[in-house]
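Subject: Handover of a structure for your review

Dear colleague,

Please find below the structure that I am handing over to you.

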Amino acid sequence: MLFLIFISSGLLLGWSLGSNDAANIFGTAVGSRMISFRRAAWIASIFVVLGAVFQGRGASETLTGLGEVDALGGAFTVALFAGFTVFLMTRARLPVSTSQAVVGAILGWTFFTGSDTDYSVLTKIVSTWVSGPVLGMIFAAILYILLRKTLRRTKIHVIKLDTYIRIALIMAGAFGAYSLGANNIANVMGVFVPSAPDILLNFGIFTLDGVQILFLLGGLAIAVGIFTYSERVMQTVGRGILALTPEAAFIVVLAQALVLFLFSSIRFSEMLMAIGLPPLPLVPVSSTQVVIGAVLGIGLVKGAREIKIKTLSGVALGWIITPITAGIFTFFALFFVQNVFGIAVTKQIPAEIIEMPAIESEPSMLADVAQQINMVLPGLLILSMAIIVLLVYLFFRLQKKRLKTENELLTHQNQYFNAQKALNDMEINAIQMENTMLSNQLEIKRQEYNNILLNISDQKKFLESVSEQISRLIGEKDLEKRDRELKALSARLKQRMSFAREIDDFYGKIEQTHRDFIVKLTERFPDLTEKEKRLAILLRLNLSSKEIATLMNISTKSAEIARYRLRKKIGLKERANVHEFLTNL
Amino acid sequence: MKPFKHANKSIELIDNFLNTIDRGAIIFKEGVKNYLYGNRENFVDNLKTLSALETDADIYRRKVENILYTQSLMPQLRGDIMRLLEELDNTIDLAKKNLFQFDVEVPKIPAELNQDFVKLSELSAAAIESVVPAARAYFRSPELVKEKIHRVYLYEKEADKLADSIKRRVFQELPIEKLSEKFHLRYFTLHIENLSDAAERVADVLSIMAIKRTT
């Protein structure tokens, strides 16, 4: 438990490495929106852990050679203040190197404890600070030239190229993440290696020793860092240093992955030695430095027009400030940890004892001395548990999806039903309206028939009375009386001939049907009298002067005069047709 | 292959779009010729075809835009590519509008100017026809764009010169009495000339885009 508390500072360092250095792998891709952050984070996390566990040992041994932080308290302080320095630099939005922070912190420890600093190892490490970026630059330049030539020759369509680059970026990113885990896990957990527990976990297919478990924890801490904090840094790196094209981004990631891989691969070193060449030192290299080298390499091929010198100088300043700050912080922190909290920060073991055993023999040696734990059964249990959880999750997800689809279908059906209902209502309303209209018409017709009936009986009564009167007058001897009564009869007949009621009926109906026209006419010619309005209606119906005269109960001459006056009043020109004018009103 | 499904689809749409623009230029040229020589039926046919081509171009452009943005293809280049397609679409829009103006306004073009108007429309159409291969080159070999667009500038310049000469003849040499008719002819000259200007704008956009991709 105490061990876990002490390595928490290493985990913090892992977190900060994840939040910063993942940007070197996927920053350009995420910054240029070629890959989503989520996808990048998953790929980076998985491969970082794999690299750390299976290829992390080489570089961490070199770091241990610089100064073996032999007490957990010392290792805790070194890792904590290296991490703190990285955090501060990140807050200042400067691309920061965890390697330099760790080296600075270890040097702070060696100065504080008075241990011997292995200057040959220090020189080896510092030399990689130069050779790393230079190699990155060379690789990037060569790869970029090759890629450009290939693209020119193949003439791939730009949209297809985008898809190719996307796939290439994911693959290079995975390789880069693996190399980062392999090379930089030394920065995170390197100081704890001397304190690693002597256990061996057997998973059947593979085994993990104490150091690898330590690296696994470190890798997971890096993964947490990637998920929680690296997005912002990715955006800064992706858009800040150089406006990288997707092709260049791919080259940068590939060059960086190659450099980190070479500086952490034990097999490659052995291969070089086998063909008689000096081996590459297995040193934790700053991925930030390599990326900047690679970017410079591309910039040089392009003619160095787009490199933002200000950003580069800011980065360079970070390189100097980082180890110094980490060293000073660690030196003073160790003083407090030892003197105030009373925790031992060193065991002061003579240098000859701390020499590390050979790399090849280590797992077997560990296997001999370590406490072996069979993890096959628990591993299988965990695996089956994971499968069950996954299946349950998938089942619920499927269920949720099904429910969602059903819900959508129901909503759809509901909407359809509502629409149908509204349509039906509308239809019912229309039918009801039509019924009302028809019953109104029926009522009107009924009234009309009543009127006709009344009219017939009225006429009959009148004619009967006229007939009676004439019969009476035929036998009348008094001539004077007969003349008087005949005159009265003639006047009655004349009065009856005016058809006043019928005409009123006629006008009533006609005004009803021409209501809109009357409104328009009144709006345009407000001075028109009621008689003139009636005349206008009759003219609109295209009736002749004679017909108009009958309907208005005037002479034909008077009808023509009335028509002339109306034309003048509505301002009609001589040639204009009054009927057309009134129809188009 | 699934990752290339959308890429292949958008490539096909862009190719179709460029073919449509190219055909549009040819139809425009024919339309003007038919109008000038009084082939009314053929002119109406040309007008209908160009109108259909313009609609097709719009549809292709929208489809490409949809794929590029919904599938997040080429986040750095899609803005430029969409601008290029919009500018190209503008040329066929203008061509259609011009032909419609001929149909609606029925300008009285003196027979002496027929040859000049035919040549002007040919020059403008040639500017568009030259910008289309340049646009094609951008997608596959951007380094060839530069050597293709110089033709566009040449045709545009020639169209400008010819348009100036037509306007001068209309206002100074030809016996056209009504000022309104002179104005009308000037506007039609300007309309056709604008087509070559639109092609020039496409060429400008293309040259910047090619520089971005090659450096």
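This is a predicted model: local features need pLDDT of at least 70, side-chain atom pairs count only at pLDDT 80 or more; totals for chains, interfaces and linings use all residues.

Is Met74(B) buried or exposed? Met74(B) is buried, at a relative accessible area of 3%, where buried means under 20% relative accessible area, exposed over 50% and partly exposed in between (1.4 Å probe, protein chains only).

Residues are numbered from 1 along each chain as its sequence is written, chains are lettered from A and ligands numbered from 1 in the order in which they are written, and side-chain values use heavy atoms, with hydrogens and water left out.

Backbone at two loop positions

Met74(B) has a positive phi of about 40°, although it is not a glycine. Most residues other than glycine have a negative phi. Met74(B) is placed in the loop between α2 (40–70) and α3 of chain B; helices are DSSP runs (H or I, at least four residues), numbered from the N terminus. In chain A, Lys155(A) is likewise not a glycine and has a positive phi, of about 50°. The loop that holds Lys155(A) runs between α6 (119–154) and α7 (158–189) of chain A. Lys155(A) is partly exposed, with a relative accessible area of 39%.

The interface of chain B and chain A

How many residues of chain B are in contact with chain A? There are 23, and they meet 23 residues of chain A, contact meaning heavy atoms within 4.5 Å. About 2000 Å² is buried between the two chains, and carbon and sulfur atoms give 61% of this area. Buried area is the accessible area (1.4 Å probe) that two parts lose on being put together, summed over both. Of the area that chain B buries against chain A, 27% comes from Phe4(B), Gln76(B) and Thr215(B), more than from any other three residues.

On the side of chain B that touches chain A, α1 (5–36), α3 (78–105), α4 (114–140) and α6 (179–214) of chain B each supply at least two residues. The most come from α1(B), with 5 residues.

Domains of chain A

Chain A is divided into domain 1 (2–374), domain 2 (399–496) and domain 3 (500–583), with bounds from an automatic or database domain assignment. The C-alpha centres of domain 2 and domain 3 of chain A lie 25 Å apart. Between these two domains, 5 residues of domain 2 are in contact with 4 residues of domain 3. They bury about 280 Å² between them, with 21% of it on carbon and sulfur atoms. Across this interface the rule finds 0 salt bridges.

Finally, Gln469(A) lies in helix α14 (residues 376–474) of chain A. Gln469(A) counts as buried at 13% relative accessibility. Not counting residues up to four places away in sequence, Gln469(A) touches Glu485(A), Leu489(A) and Arg492(A).

Yours sincerely

How values were computed: A salt bridge is a side-chain nitrogen of Lys or Arg within 4 Å of a carboxyl oxygen of Asp or Glu.
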